[in-house]
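I set down here what I looked up in this entry, one topic at a time.

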Amino acid sequence: MTTREPEWTEQDRAEVLALALYRAEFCPCGCGQRYVDTTSDEETGPQFVADRVVCRARLALLEAQKAATTQDVVGGARIWRVRRSGGMGS
Ligand SMILES: [Zn+2]
């Protein structure tokens, strides 16, 4: 006797479709802006400016990885993770 996962409900399907449609709105280049905006007319469409910020979670991860010894036997089996610690909202 085999046990099956319950089939998707109409709600599940609707949510997946909504997510796909939501994601499809974004520019495929990875800029995070809406496709209709990024490909709009330069004269009449929105203007864009770019700057940079640091992802502090990624920074903590990179610093921890850099500090780890390369002689570690566990080596590539280690799974790195980032979690929130202290500060507001934790
Ligand atoms: Zn883009």
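Which residues coordinate the zinc ion, and at what distances? I found Cys-27, Cys-29 and Cys-31, each through SG, at 2.2 to 2.3 Å. Donors are N, O and S atoms within 2.8 Å of the metal (3.2 Å for Na, K and Ca), and water is not among the atoms, so sites may look incomplete. Along the chain, I noted the donor spacing C-x1-C-x1-C.

Basis of the entries. I am working from a predicted model, in which local features need pLDDT of at least 70 and side-chain atom pairs count only at pLDDT 80 or more, while totals for chains, interfaces and linings use all residues. Residues are numbered from 1 along each chain as its sequence is written, and side-chain values use heavy atoms, with hydrogens and water left out.

Cys-27 is buried, because its relative accessible area is 14%. Cys-31 has 39%, so I recorded this residue as partly exposed.

Overall make-up. I counted three helices and zero strands, in the order α-α-α from the N terminus. Both are DSSP runs numbered from the N terminus: helices are H or I of at least four residues, strands E of at least two. Of the 90 residues, 3% are buried. The accessible surface, from the Shrake-Rupley method with a 1.4 Å probe, where for residues only the protein chains shown count as cover, is about 9,100 Å². Carbon and sulfur atoms account for 54% of that surface.

Tyr-35. I placed Tyr-35 in helix α2. With a relative accessibility of 42%, Tyr-35 is partly exposed. Its C-alpha lies 5.8 Å from that of Glu-25, ten residues away in sequence.

Gln-47. Where does Gln-47 sit, and is this residue buried or exposed? I located Gln-47 in the loop between α2 (35–38) and α3 (56–67), and its relative accessibility of 61% makes it exposed. From C-alpha to C-alpha, Gln-47 is 8.8 Å from Asp-37, at a sequence separation of ten residues. I then checked polar contacts (N or O pairs within 3.5 Å; within protein, one atom must be able to donate a hydrogen and the other to accept it, and residues adjacent in sequence count only if both atoms are side-chain atoms). The Gln-47 side chain reaches the backbone oxygen of Glu-42 at 3.3 Å. A polar atom of that side chain also lies 3.4 Å from the backbone oxygen of Gly-45.

Definitions and conventions. Buried < 20%, exposed > 50% of the residue type's maximum accessible area, 1.4 Å probe, protein only.
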